[in-house]
Amino acid sequence: MPPPDPARRFHPASAPDYVPAEQLRDLQLARLQRIVRRAHERVPLFRTRCQERQVSPADLRSLEDLGRFPFTLKTDLRDTYPFGLFASPMEEIVRLHASSGTTGKPTVVAYTQADLDVWTEVMVRAFAACGLHRGDVVQNAYGYGLFTGGLGAHYGAEALGATVIPISGGNTDRQIMVLQDFAVTAICCTPSYFLHLAERARELGTDFSKLRAGIFGAEPWSEAMRRRIEADTGVKAYDIYGLSEIVGPGVGIECFAQSGLHIFEDHFYPEVVDPVTGAVLPDGAEGELVLTTLSKDAMPMIRYRTRDVTALIPEPCACGRTIRRIRRIGRRSDDMFIIRGVNVFPSQVETALLAVEGTLPHYQIVLTREKGLDEMEVRVEVTPEVFSDQIRALEALQHKLEQSLDHTLGIRARVTLVGPRTLQRSEGKAQRVVDKRQI
Amino acid sequence: MKLTQLSLFLENRPGALRLPCQVLGQAGIDILSLSLADTQQFGILRLIVKDVERARKVLEEAGCVVKATDVLAVEVPDRAGGLADMLGAFEGSGLALEYIYPLVAGHRGKTAVLLLRVEEPEKAAALLAGRTVRVLSREEAFEAVGA
């Protein structure tokens, strides 16, 4: 008989996941009223938007009233760069993180100590939902640094009482050595990187017999990929959801049922809206996920448009948690894509190309997955303006374009020069992104 | 003194070379000489034709990226060491020779005509004066190739 799944056991840290729905709604409303008031008092952009819509915090008498309040967009973070949406003075802010923005400038997020404590709490609950506990050895292969993945998972796993290996990303062979030698039982990384690790381990003749759980996120992945990971490695693959604008990883997590992601909605209030009209949709309907931070002091996000397309699952979960679930995220309502954990907008690619060429050439982004690693190729049509009779001039151009992309996006992309008018244009509008990844 | 060459961007894929050749053929333009430089990803086709302007026009209309550059046509004795003699003229001059390809090789058994792409054609021509080689005029070059 297989050993019982530790994810089915109750972990004390998970208690808030089981609060009766009625109590949860009361708590949410109380927190929502407080945070909306805070944002209204301290964030000029939010106050102005509220005035335009003729709403004030006093209008928030029920959770449904939230629908009357204005959205916050990713561009709002850019327009108020770097600190314009902060609601706490710098004396109270103890951490900054940043993620890629739409025009080369990153989007900056801030945390007070209390915010970090909440983040750690939800990460503990996330790990607990995956059956992790004291005694587990967690290899944290999310990148440490400005990216929220590394530190978010780190503090959560430590607070859980697990043994954390802060190995960060990269150096595959060393990752495999550590996985085996340190008897690692759980790993945090992107699912595509884990597949890469598993393939390399096979080549090296190593296995991860102690590894039980993978907490995979920071990029979209499919059920097919989960089945492949679980069949190939015997590791239970959990999907974790988060975004830096809200907190980082730990907004939502799968439980042992692996049937949608529970949102820690005592801290992050979910709505699903029509991406075009912005109207709030009923539970079960597919639309864009909108999140409101209920307890984040340094940077309250009121009705943040995630651009992630999903639906709230109204049915209770087999695990008994009362916090609601969302369907796994399969696509986005904008043209952003995620590669190696980095958010990329085609407009960023345009900025990079423009910086080199002066005018915007026709281009196409081709995403592939080779040996579990995402590769990004940018095909650029050669124009008479940049064409040179000399090979080395064209190679220099290619190199400059690659450098500019690296500088703007923070990831390596291969540039291929292609002939004029060879890239597809459908109905006069170019198809900017061709995603060939099997995810 | 200088000859105008047309350079075309080609993708490195089967069939890429055929399009410009077909376009020129349909326009009745004869290719007098050509050179193909290639890398892993792309290539540059360099062409010598008589009616440069018309060739450029039809190629651009067909969607090609075309650039006109000047090359030097140099008549070299067709014998062992002939090219080495010519290159000797540039030694120590700092002149950068980008590439060479033939317009006519083995013509009349006595001389070959080579096309030189250099950064400074005038300087190159001056360096070659007084050597066993001769820089050809445009007309002489076309005559040498029988066009």
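Let me open with a definition: two strands pair if DSSP finds at least two bridges between them. Helices and strands here are DSSP runs numbered from the N terminus, helices being H or I with at least four residues and strands being E with at least two.

Some housekeeping, friends. This is a predicted model, in which local features need pLDDT of at least 70 and side-chain atom pairs count only at pLDDT 80 or more, while totals for chains, interfaces and linings use all residues. Residues are numbered from 1 along each chain as its sequence is written, and chains are lettered from A and ligands numbered from 1 in the order in which they are written.

How confident is the predictor? It gives the complex an ipTM of 0.82 and a pTM of 0.71.

Now the overall look of chain B. It has five helices and seven strands, and along the sequence they follow the pattern β-α-β-β-α-β-α-β-β-α-β-α. The C-alpha trace spans about 45 × 30 × 25 Å along its principal axes. The radius of gyration, taken over C-alpha atoms, can be set against a globule rule of 2.2 Å times the number of residues to the power 0.38. For 147 residues a compact globule would come out near 15 Å, and chain B has 16 Å, which agrees.

As for burial, a residue is buried if 20 or more other C-beta atoms lie within 10 Å of its own, exposed if 12 or fewer, and partly exposed in between, with C-beta atoms placed from the backbone. On that count 30% of the 147 residues of chain B are buried. Arg18(B), in helix H1 (residues 18–26) of chain B, is exposed because 10 other C-beta atoms lie within 10 Å. Its C-alpha atom is separated by 28 Å from that of Ala112(B), 94 residues apart along the chain.

Back to the strands, and to E4(B). Which strands does it pair with? E1(B) and E4(B) pair in the antiparallel sense over seven bridges, and Ser7(B) has Lys67(B) in E4(B) as its bridge partner. Six bridges join E4(B) to strand E6 (residues 111–118) of chain B, again antiparallel. Then there is strand E7 (residues 134–135) of chain B, which pairs with E4(B) in the antiparallel sense over two bridges; there, Val74(B) has Val135(B) as its bridge partner.

Next, domains. Bounds come from an automatic or database domain assignment, and they divide chain B into domain 1 (2–69) and domain 2 (70–144). The domain centres, taken over C-alpha atoms, are separated by 23 Å. Two residues are in contact if their C-beta atoms, placed from the backbone, lie within 7 Å. By that rule, ten residues of domain 1 of chain B are in contact with 13 residues of domain 2 of chain B. On the domain 1 side, E1 and strand E2 (31–38) of chain B each supply at least two residues, and E1(B) gives the most, with four residues.

What about chain A? 13 residues of chain B are in contact with 17 residues of chain A. On the side of chain B that touches chain A, the elements giving two or more residues are strand E1 (2–11), strand E3 (42–49) and strand E4 (66–77) of chain B. E1(B) gives the most to this side as well, with three residues.

Let me finish with some backbone points in chain A. Most residues other than glycine have a negative phi, and most peptide bonds are trans. The peptide bond from Tyr81(A) to Pro82(A) is cis, with omega near -5°, and Pro82(A) lies in the loop between helix H3 (74–79) and strand E1 (93–99) of chain A.

Two residues have a positive phi without being glycine: Ala183(A), near 50°, and Arg307(A), about 70°. Are they buried or exposed? Ala183(A), in the loop between helix H6 (172–181) and strand E5 (186–189) of chain A, counts as partly exposed, with 13 C-beta neighbours inside 10 Å. Arg307(A), in strand E12 (residues 304–310) of chain A, counts as buried, with 20 C-beta neighbours inside 10 Å.
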